[in-house]
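Please take me through this structure, starting with the surface that faces the DNA and ending with the sheet and the helix packed on it.

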2 protein chains.
Amino acid sequence: MNKKKSTIRIKDIAQKAGVSIGTVDRVLHNRGEVSEATKEKVLKIIKELNYQPNILASSLASKKNYNFAIFIPKPLTSESYWNKPMTGIEKARGEIQQYGVNISYHFFDLFDKNSFVESSKKLIEDDPQGVILAPYFLKESIEVIRQLEQQEIPYVFIDSNIKEQAQLSYIGQNSLQSGALAARLLDLCVSKQESLLIVNFANDQDNLNHLNQRKDGFTAYFDKQEEPKRKVVSLKSNDQEDHVLHKELDDILDKNKDIKGIYVTNSKAHRVAKYIEKRNLKDIFLIGYDLIPENAKHLRSGIIEFLICQRPEEQGYNATYTLFNHIIARKETIKENYTSIDIVTKENVDYYKEL
Amino acid sequence: MNKKKSTIRIKDIAQKAGVSIGTVDRVLHNRGEVSEATKEKVLKIIKELNYQPNILASSLASKKNYNFAIFIPKPLTSESYWNKPMTGIEKARGEIQQYGVNISYHFFDLFDKNSFVESSKKLIEDDPQGVILAPYFLKESIEVIRQLEQQEIPYVFIDSNIKEQAQLSYIGQNSLQSGALAARLLDLCVSKQESLLIVNFANDQDNLNHLNQRKDGFTAYFDKQEEPKRKVVSLKSNDQEDHVLHKELDDILDKNKDIKGIYVTNSKAHRVAKYIEKRNLKDIFLIGYDLIPENAKHLRSGIIEFLICQRPEEQGYNATYTLFNHIIARKETIKENYTSIDIVTKENVDYYKEL
DNA sequence: CTGAAAGCGCTTACAG
DNA sequence: CTGAAAGCGCTTACAG
């Protein structure tokens, strides 16, 4: 435990430039009130010495507080998907609160555009220093973004992306590619002569075609294959009660008796698993998304073969740190941050780390 | 950007206890020289107020430096596996160097027990504040550990574990389970009548039976299956030059013409891939470990079907933070930190995040 | 436009 | 055994 290695301090720069530390601070933070000449001189020395600010000292001296606002769908139960990004956000919060960061949540209802608009108003009123948002409703999201930009508040997209916006970063998956992965896995498991079924729960559809992209990636995989192409049928369900879904599945399986693989494009694979269990179907491979408890149960029992996961906790964690790095640490951030597309199965589920 | 929320400071405790902050600091850090009575009083108030030290201020005021020593196999080329844990360690280093943490590396040669012993001597001489080590040679590792314990230096195991030691943490995979996962994947891809081959590169064997555990997990999976059991044959190769390996593979495939799946228990799957390519074998599923460049190449070309990965960068990163959290942040750490067992394939390799 | 001083919460000698 | 003071590198008014 020797003495600390000496690093370049503001004081050193001030000395070398023949000015006071106050002046150095002014050019460092662009606070003006410095003559062009001294500014140049100081800037030159800063560069020469490769000065790195001590963010510990900076944070300690500063009495600034930062408020990060999170604008995401409300998790309806403790098992809901959106709890997972929140877990990651909360972990990051614990680590950066010593830097004066507060987090406030603004929820909306996925199925209620109105709640999105209402909640967004409160978000803007909050006047946060940074925002993480899931831009579910396209037009309305762009409206929010405009206002954030007007107030020069940086924002990060999570889960869904809107192209060509001025977001600091997008953190989420590549839906197209995850569909392709699902296709590949079923292609490996189900012999070529059999058919596959895509189940799309339409209610969950958002403006951004998240789920459609998964479906497109899936079908594109088979379109690219050589003849004879595998038969893929599709079911769009409105996510009604079980008996409705079961009827829909009965119908389509009756018409296509060679369906041996089912791909559910969202986290509701457990609903299809329940159907398979009830009908006691033996040789159907089922693949879905997200390690929520109900899915995990059927993965362990063997009815769901694979779950594709996207480390939602990590997404929340990274989104929070993206704001932190930009606003407080003043480090570079990356604009497109695609999450891993993970394959979870019975054999690795117990070790799957989402954070 | 409001004023910072007031938190409990040493000053507050001192005031409430009617002592100076120096005294509070003494009980906080157990530096002695405090009467039992005042100590009790201060301790009680600390608890009451749920005091959380400000590690920013603490680190700034302290002139302490910390040296973390890393004791791992030397990466022989820029493509070697052990570069990956180092990447993670270096990332952590960048983040915690402002707290006065230095990192020093002590390498050994995986195939040379002597270099392990020699390097370990230098490690001990270094007198670090914390150690991350890959305990490859069992007896020799225990010798190192004894000395670390004598000097009260905390240590973290990475990659390999030794049971029932006083390590702060083990960070690595569950080898048995990763073997089971490999078995499952081949079981899905290769039809039941065909055979499977395990390739064990014996040279890489370490005292700790890392690779044997993978093999055991693999065979145990099939042993548990109902009759008729799948046939699994095994090849132990000394990892000689290509023509030797190719001869070995020729022989075993000639004797077992129905081998349609190969499991390589270490990162050398690319060597078998090269063989498959050369012999132009069409319908053999190959599965191996670790996303090193040579493996990635064959994964993309389709010769390797799956790679099982263990986020080695994350392991290095987490090991470093385990020391940091224990020594500097004084937070709790977990003793067994099993890494995810990830499945990487052509369709998700481009998005696979190891850190 | 510039500098000197106080202070962030903690640690570290030093004096008594 | 205890307290007062200086200092870590930075920020923030304030004086000129």
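The largest share of the surface near DNA strand C comes from α4(B), which gives three residues. Here a residue is near a strand if one of its heavy atoms lies within 4 Å of it, and helices (H or I, at least four residues) and strands (E, at least two) are DSSP runs numbered from the N terminus. This is a predicted model, in which local features need pLDDT of at least 70 and side-chain atom pairs count only at pLDDT 80 or more, while totals for chains, interfaces and linings use all residues. Residues are numbered from 1 along each chain as its sequence is written, chains are lettered from A and ligands numbered from 1 in the order in which they are written, and side-chain values use heavy atoms, with hydrogens and water left out.

At least two residues of this surface are supplied by each of α2 (21-28) and α4 (55-61) of chain A and α2 (21-28) and α4 (55-61) of chain B. DNA strand C is surrounded by 26 residues, and among the closest are Thr23(A), Arg26(A) and Tyr51(B).

A backbone N or O atom of Ile10(B) lies 2.6 Å from a phosphate oxygen of DNA strand C, and one of Ser35(A) lies 3.0 Å from a phosphate oxygen.

Elsewhere in chain A, six strands form an open sheet of mixed pairing, ordered β7-β6-β8-β9-β10-β12; two strands pair if DSSP finds at least two bridges between them. β7 (232-237) and β12 (342-344) of chain A each have a single partner strand, so one side of each has no neighbour in the sheet. On average, neighbouring strands of this sheet are turned by 20° against each other, direction ignored.

Strand β6 (residues 195-201) of chain A runs parallel to β7(A) and is joined to it by six bridges. Within this pairing, Phe201(A) has Ser237(A) in β7(A) as its bridge partner. α8(A) packs on the sheet, touching β6, β8 (259-264), β9 (285-289), β10 (304-309) and β12 of chain A, and its direction makes about 165° with that of β9(A). For such angles, axes are lines fitted to C-alpha atoms, for helices over the stretch in contact (heavy atoms within 4.5 Å), and values run from 0 to 180 degrees between N-to-C directions.

Definitions and conventions:
Polar contact = N/O pair within 3.5 Å; in protein donor to acceptor, adjacent residues only side chain to side chain.
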